[in-house]
Amino acid sequence: MIDGIIYDGAGNIKQQTEHFGDGSYTTYQYDTENLHNWSQNHLHYNSSGQHDIGVSFMDDGSRTEFQYDVNNTQAWSVQQAHFDTQGRNDFTVQQYDGGDRTEFRYDVNNVFVWNQQHNHFDAQNRNDLTREYADNGERTDYYTDVAGLNVWNARHMHFTVDGRNDYSVDFNDNGSRTEYRNDIHNQYEWSSYNTIHRADGRFEQGIAYLDNGQTYKEVYDLDSQHAWKFHTFQYSDQGKLMMSSLLFDNGVSHINIYDYLNTSSLEYTNYYFNKYGQNTVNSLVYDNGRVEGRGPGLPSDMQPPSGTNPEPFFYRKPAYIWL
């Protein structure tokens, strides 16, 4: 049944209402006087008189559909979906019960490297998360610490086509950044490798978690606060210090090998090298504090590769350092 017909001054139908058998009805509005950017509005009301669906047909040929969660069955209270002139959904907004919202953008014209972009805004209208689905199937999540709850102000996380996180980076409040790499393809001897870079891009610290459960750490003295410029540590799968090394500003270096399994009376063995990488003197440090000096010579398992003469720190460094 049609009723509630309203005419404009020229006798054109400006509004009418259609009633349905289930008690619901739709009101049709027509912009006969061209006062709006839409030509028609269709407003549906359920049998309880609640406005649950609306459609606006725009002058440019596109349309916007509105859904209202009157029965409170969705996580959102209002959903607004836009369709272009070819009927393709290019933009959707979901307004949630808590006051936040997510905007979904779809690259229907293939002008971006992503096919979908999801932007979340908190109740204060701050964009705290953007998620981009790339054309190649990968995904990147961009987090913004709008509430200032973390030591970083932005976090970017990359995921492969099968949803595995292979790379992340934190942009820290002090201007530095922390990068996280995960060896999802098992190409390296580490499962994850984290690095810290200063605001000027200089590499300051790295920590690698090895496949065998050990941990490798390297630190650079970028501010020249110490007599050394490079310090490394290697820990067992039980967290015990196995090896440490120092490369001093004058080119001299030390390596300490620790008796982390406590199989002898030694605490650690210290190897000294000159700036040419030559082992000059060694010392044994015992558990009781006694120190014993010895002449030069490297154990066979610490000899540099054939045909090379690198400084000892560099031929001891695992392959992941070269990333």
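A: Let us begin with Ser224, which counts as exposed because its relative accessibility is 60%; buried means under 20% relative accessible area, exposed means over 50%, and partly exposed lies in between (1.4 Å probe, protein chains only). The model is predicted, so to speak with care, local features need pLDDT of at least 70 and side-chain atom pairs count only at pLDDT 80 or more, while totals for chains, interfaces and linings use all residues. Residues are numbered from 1 along each chain as its sequence is written, and side-chain values use heavy atoms, with hydrogens and water left out.

Q: How many salt bridges does the structure hold?

A: A salt bridge is a side-chain nitrogen of Lys or Arg within 4 Å of a carboxyl oxygen of Asp or Glu, and the structure holds 16 of them. One of these joins Asp141 to Arg139, with the closest N and O atoms 3.0 Å apart, and both of these residues are buried. In another, Arg181 meets Glu179 at 3.0 Å, N to O; Arg181 is partly exposed because its relative accessibility is 24%, whereas Glu179, with a relative accessible area of 7%, is buried.

Q: Is Asp200, which meets Arg202 in a salt bridge, buried or exposed?

A: Asp200 is exposed, because its relative accessible area is 52%, while Arg202 is partly exposed at 36%; their side chains meet at 2.8 Å, N to O. Salt bridges can also be linked in a network, as for Arg101, Glu103 and Arg105.

Q: Which residues make the nonpolar surface patch?

A: Patches are made of residues with over 30% relative accessible area and no salt bridge, like charges being joined within 9 Å and nonpolar side chains (Val, Leu, Ile, Met, Phe, Trp, Tyr) within 5 Å; the areas come from the Shrake-Rupley method with a 1.4 Å probe, and for residues only the protein chains shown count as cover. Here Ile2, Ile5, Tyr7 and Ile13 make a nonpolar patch of about 350 Å², to which strand β1 (residues 2–7) gives the largest share, three residues. Ile2 is found in strand β1 and is partly exposed, because its relative accessibility is 44%.

Technical notes: Helices (H or I, at least four residues) and strands (E, at least two) are DSSP runs, numbered from the N terminus.
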